[in-house]
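Please look over the sequence and the structure shown here. A short briefing on a few of its parts follows.

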Amino acid sequence: MARGGRLGLALGLLLALVLALRAKPTVRKERVVRPDSELGERPPEDNQSFQYDHEAFLGKEDSKTFDQLSPDESKERLGKIVDRIDSDGDGLVTTEELKLWIKRVQKRYIYDNVAKVWKDYDRDKDEKISWEEYKQATYGYYLGNPAEFHDSSDHHTFKKMLPRDERRFKASDLDGDLTATREEFTAFLHPEEFEHMKEIVVLETLEDIDKNGDGFVDQDEYIADMFSHEDNGPEPDWVLSEREQFNDFRDLNKDGKLDKDEIRHWILPQDYDHAQAEARHLVYESDKNKDEMLTKEEILDNWNMFVGSQATNYGEDLTKNHDEL
């Protein structure tokens, strides 16, 4: 093949792969899903860095911006945010007010994410995205040039992901017209946020981890999803702990494997509110007089924890109409 032909093929493969990956919210390193998508489990090593708190209080993007501010600038902007969080204006921030703020920050991240990619798919600018529009934007090069992918490892990826995306799109399309409104497209991109999409989340998780195709997740598959044993050395302690978790808490019927119900219980926990837990943590760590509420002074005295926490999303909060939140 001439150099130009090889270059064209390489660029085509790269473009197609980038488009496919950009549109896939299906690969997740952390399997536990919560309605507040950005707010995951607190990493055990984060006790000193406050990075988890920052992202919880501010959102991931704005926490990065706060990292660039001077201490005085951070405190000034944090003070304005506190006024927004104190919804009843009594000068005290309660755990409930903090929890609601964190949830709002996370929800806005989701809708902002959809807004950023909307124009890439709404090609006819009719404020809807049809399945055909999405398919062509994401898989058009692959569908138009199948011979280029015939011997490529990407062929298997595209062949698998196209019907999977179509299945998810149809599940999000509540009126069945194969055209997504913004709300339906949000459900497509962020299925963990919508009750009617939970079965899709469970099914895709099963398909991702179940490498032998028996319809279940055994312990080795469970571990392989989070740990790649590249050498023959001993497993780290945390992996041994995860094996115990599998036996003691994941495998509810003790048959050595996880079925769909057990996967649902694992990745969609019903009894744990991450926003509530983070709000309690922030109050506990900052509440000097132990009245279980925070004054602005208490928050500003502990500003270094908050401006890395998902409660602050400062940028738009100071300029937008806050009735939107």
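The points below cover a group of salt bridges, the annotated positions and one further arginine.

This is a predicted model, in which local features need pLDDT of at least 70 and side-chain atom pairs count only at pLDDT 80 or more, while totals for chains, interfaces and linings use all residues. Residues are numbered from 1 along each chain as its sequence is written, and side-chain values use heavy atoms, with hydrogens and water left out.

- The structure holds 19 salt bridges, a salt bridge being a side-chain nitrogen of Lys or Arg within 4 Å of a carboxyl oxygen of Asp or Glu.
- One of them joins the side chains of Arg-164 and Glu-204, at 3.8 Å from N to O. Arg-164 lies in helix H8 and Glu-204 in helix H10 (residues 198–209), so this pair ties together parts 40 residues apart in sequence. Helices (H or I, at least four residues) and strands (E, at least two) are DSSP runs, numbered from the N terminus.
- Arg-164 also forms a salt bridge with Asp-208, with the closest N and O atoms 2.9 Å apart. Asp-208 is in helix H10 and Arg-164 in helix H8, so the pair links parts that are 44 residues apart in sequence.
- Arg-168 pairs with Glu-204 in a salt bridge whose closest N and O atoms are 2.5 Å apart.
- Arg-164, Arg-167, Arg-168, Glu-204, Glu-207 and Asp-208 are linked in a network of salt bridges.
- Arg-164 counts as buried because its relative accessibility is 4%; buried means under 20% relative accessible area, exposed over 50%, and partly exposed in between (1.4 Å probe, protein chains only). Glu-204 is buried at 0%, and Asp-208 is buried at 13%.

**Annotated positions**

- UniProt lists Asp-173, Asp-175, Asp-177, Thr-179 and Glu-184 for "binding site"; UniProt positions are given in the numbering used here, feature names are shortened, and annotations may be inferred rather than shown by experiment.
- Asp-173 is in the loop between helix H8 (153–172) and strand E3 (179–180), and is buried at 5% relative accessibility.
- Asp-175 is in the loop between H8 and E3, but counts as exposed because its relative accessibility is 53%.
- In helix H9 (residues 182–189), 6 of the 8 residues are buried, so this helix is largely enclosed by the rest of the structure. Glu-184 is among the buried residues of H9.

**Arg-243**

- Arg-243 is in helix H12 (residues 237–250) and is buried at 18% relative accessibility.
- Its side chain makes a polar contact (a pair of N or O atoms within 3.5 Å; within protein, one must be able to donate a hydrogen and the other to accept it, and residues adjacent in sequence count only if both atoms are side-chain atoms) with the side chain of Gln-219, at 2.6 Å.
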